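Subject: Structure handover

Hello,

Here is the structure I promised to pass on. Please open it beside this message and follow along.

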Amino acid sequence: MVLTETSPQPPMGQQFLKEVNPSPNQSLLPLTATINQQDHLEIGGCDVTTLLQQFGSPLYIMDEHSIRTACRQYREGFANNYSGDSLVIYASKALNCLAICALVAQEGLGVDVASGGELYTTLQAGVDPETIYFHGNNKSRGELQEAIDCGCTIVADNWLELETLAELAPHSTPQVMLRITPGIECHTHEYIRTGHLDSKFGFDPNQVETVLQFFQNTPALDFVGFHAHIGSQIFEQQPHQDLAGVLVDWLKRARELGLAARELNVGGGLGIRYTEQDDPPSISEWTATVAQAVETACQKAEIPLPKLICEPGRSLVGTTGITAYTIGSRKQVPETRTYIAVDGGMSDNARPITYEAVYRCFVANQMSQTASETVTVAGKHCESGDVLIQQATLPATQPGDTLVVMSTGGYGYSMASNYNRLLRPAMVLVHDGKADVMVNRESYQNLIQNDHLPERLQRDR
Ligand SMILES: Cc1ncc(COP(=O)(O)O)c(C=O)c1O
């Protein structure tokens with residue numbers, strides 16, 4: 001994975017369109033991206049610069065066709081390569097809002113949630129609780145109760161959760177999966193690597209036997225199977241093949257102990273293209289590899305095929321979305337660098353400052369202009385580290401130009417904040433020349449709606 005800046009960005013927007021690739025996770029731009037007669041970028045038949053005028057700046061823009069294509073490729077990948085039952089669930093931490101949850105459910109996907117808030121949103125979107133899986137390494141008693149009440153599957157992460165569930169559920173028999181830290185290393189950023197043994201998530205493998213005995217003695221909980229998520233933005237396929245073998249061995253052990261374990265969840269993690277150096281496998285390749293690895297391991301272990309589940313987030317929505325900004329001020333530091341600033345930054349995209357994540361950008365209202373300078377794209381926050389892109393090769397820009405940062409559909413809006421009391425941008429879903437608001441732009445009023453001014457601090461105005 002490329003997480004540190006290794007090479008400058010190649011020239012202009014047009015070249016990103018030359019890559020015709022049917023797998024959304026391998027394409028830097030949404031699949032519907034084109035250039036119109038005004039030399040502007042269009043997504044989903046909508047001119048991005050016009051969208052900024054209509055809906056304000058900055059703006060998250062999601063392409064419906066690309067999201068649906070990614071959902072279908074995942075579903076078909078499993079259906080074509082796995083003889084048993086399967087389910088793809090969307091890891092909604094990548095982007096959780098009513099419209100996206102409803103859209104993926106319409107495509108036949110379930111939804112993975114990691115908090116009461118994500119669960120609430122997903123239920124409000126009308127998603128069938130039978131297809132919802134509840135994750136998290138420290139679910140509160142209240143969250144566990146909400147999960148039991150709605151009837152979703154709970155992915156237990158630790159002993160406290162198991163004990164609390166047994167206490168809360170003497171009559172309801174909730175479905176419970178077990179999250180295990182499988183000890184599988186993969187090459188990705190430390191913060192998004194979760195399957196190695198020193199991780200805050202899941203049970204240690206040497207506890208599996210004891211946990212299975214707990215399920216044997218706790219009929220109030222319906223143990224459905226095992227889950228593991230080894231990390232994110234993974235380009236290698238071997239770690240998931242290894243994972244399949246490990247999970248199947250545990251499944252076999254559970255069955256030997258008489259437990260009705262019947263599901264196996266290999267997590268998410270398939271990488272996407274943030275830069276032209278990123279070369280992830282396609283969704284079809286990944287699903288085929290995983291499905292075949294599980295089938296082979298089950299044949300070897302001589303156990304029936306479990307329901308195969310995966311839970312991708314980034315590879316379903318990452319490259320299907322862009323963020324459009326308006327360019328503002330410019331500062332030249334002689335013999336050092338030129339900064340151009342945009343009207344957002346670390347509050348709408350926390351990944352560069354959190355993970356040193358690298359992005360690519362271009363000027364969406366002059367797609368054919370030749371690149372003429374290398375600049376640093378800074379945000380507008382009172383923080384020196386608030387830099388979206390260290391080295392961007394762009395044509396000469398003016399204040400008011402539209403700068404598009406690609407591959408921001410996943411973990412952009414969902415990690416957004418109000419730092420410096422910036423308003424979180426609106427998000428639109430584009431399709432066939434139409435843009436629908438999925439999330440409204442925040443207002444100043446929204447910023448203070450939960451504030452209280454104690455009486456003794458109030459001054460006559
Ligand atoms: C448990 C779990 N499942 C799935 C995902 C989705 O991962 P990705 O977006 O890399 O596919 C994550 C991401 O953190 C996760 O923690």
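Below is what was found in it, part by part.

First, a caution. This is a predicted model.

**The barrel**

Start with the barrel. It is closed by 8 strands, in the order S5-S6-S7-S8-S9-S10-S11-S12. The pairing is parallel. From one strand to the next, the twist averages 30°. Helix H9, residues 238-256, packs on this sheet. H9 touches strand S10 (222-227) and strand S11 (263-265). The direction of H9 makes about 160° with that of S10.

Where does S5 meet S12? Strand S5 covers residues 86-91. It runs parallel to S12, and 3 bridges join the two.

**Around the ligand**

Next, the ligand. Which residues come nearest to it? They are Ala91, Ser232, Gly268, Gly313 and Arg314, out of 18 residues around the ligand. By class, this shell holds 10 polar residues, 4 nonpolar ones and 4 charged ones.

**The open sheet**

There is also an open sheet of 3 strands. Its order is S1-S2-S3, and its pairing is antiparallel. Strand S1 (34-35) and strand S3 (46-47) each have a single partner strand, so they stand at the edges, with one side of each left without a neighbour in the sheet. Strand S2, residues 41-43, pairs with S3 over 2 bridges, in the antiparallel sense. Find Glu42 and you will see its bridge partner in S3, Asp47.

Move on to strand S16, residues 373-378. Strand S14 (residues 337-342) runs parallel to S16, joined by 3 bridges. Ile340 has Val377 in S16 as its bridge partner. Strand S17, residues 387-394, runs antiparallel to S16. Here 5 bridges join the pair. Glu373 stands opposite Leu394 in S17.

**Helix pairs**

Now the helices. Two packed helices are described by the angle between their axes and the distance between the axes.

*H3 and H10.* Helix H3 is residues 64-81. Its axis and that of H10 lie 8 Å apart, and the packing angle is about 30°. The crossing of H3 over H10 is right-handed. H3 brings Ala70, Gln73, Tyr74, Gly77, Phe78 and Asn81 to the contact. On the H10 side they meet Ile283, Ser284, Thr287, Ala288, Ala291 and Gln292. By class, this contact has 6 nonpolar and 6 polar residues, with no charged ones.

*H5 and H6.* The axes of helix H5 (residues 116-124) and H6 come within 10 Å. They cross at roughly 25°. Is that parallel or oblique? That angle makes H5 roughly parallel to H6. H5 passes H6 in a left-handed crossing. Gly116, Leu119 and Leu123 make the contact from H5. From H6 come Gly142, Glu143, Glu146, Ala147 and Cys150. By class, the contact has 4 nonpolar, 2 polar and 2 charged residues.

*H6 and H7.* Helix H6 is residues 141-150, and helix H7 is residues 159-168. Their axes come within 10 Å and cross at roughly 55°. H6 and H7 are therefore oblique to each other. Their crossing is right-handed. In the contact, Arg141, Leu144, Gln145 and Ile148 of H6 meet Glu161, Thr164, Leu165 and Leu168 of H7. By class, this contact has 4 nonpolar, 2 polar and 2 charged residues.

**Two backbone details**

Two spots in the loops deserve a look. The peptide bond from Ser57 to Pro58 is cis, with omega near -5°. Pro58 sits in the loop between helix H2 (48-55) and strand S4 (59-63).

The other spot is Glu302. Its phi is positive, about 55°, although Glu302 is not a glycine. Glu302 lies in the loop between helix H10 (283-301) and strand S12 (307-310).

That is the tour.

Best wishes

Terms used:
Residues numbered from 1 in each chain as written. Predicted model: local features only at pLDDT ≥ 70, side-chain atom pairs only at ≥ 80, totals over all residues. Pairing = 2+ DSSP bridges. Helix = DSSP H or I, 4+ residues; strand = E, 2+ residues; numbered from the N terminus. Near = placed C-beta within 6 Å. Nonpolar A, V, L, I, M, F, W, Y, C, P; charged D, E, K, R; others polar. Axes fitted to C-alpha atoms, helices over the stretch in contact; angles between N-to-C directions. Parallel < 35°, antiparallel > 145°, perpendicular 65-115°, else oblique. Left-handed = near helix turned anticlockwise from the far one by under 90°. Contact = placed C-beta atoms within 7 Å.
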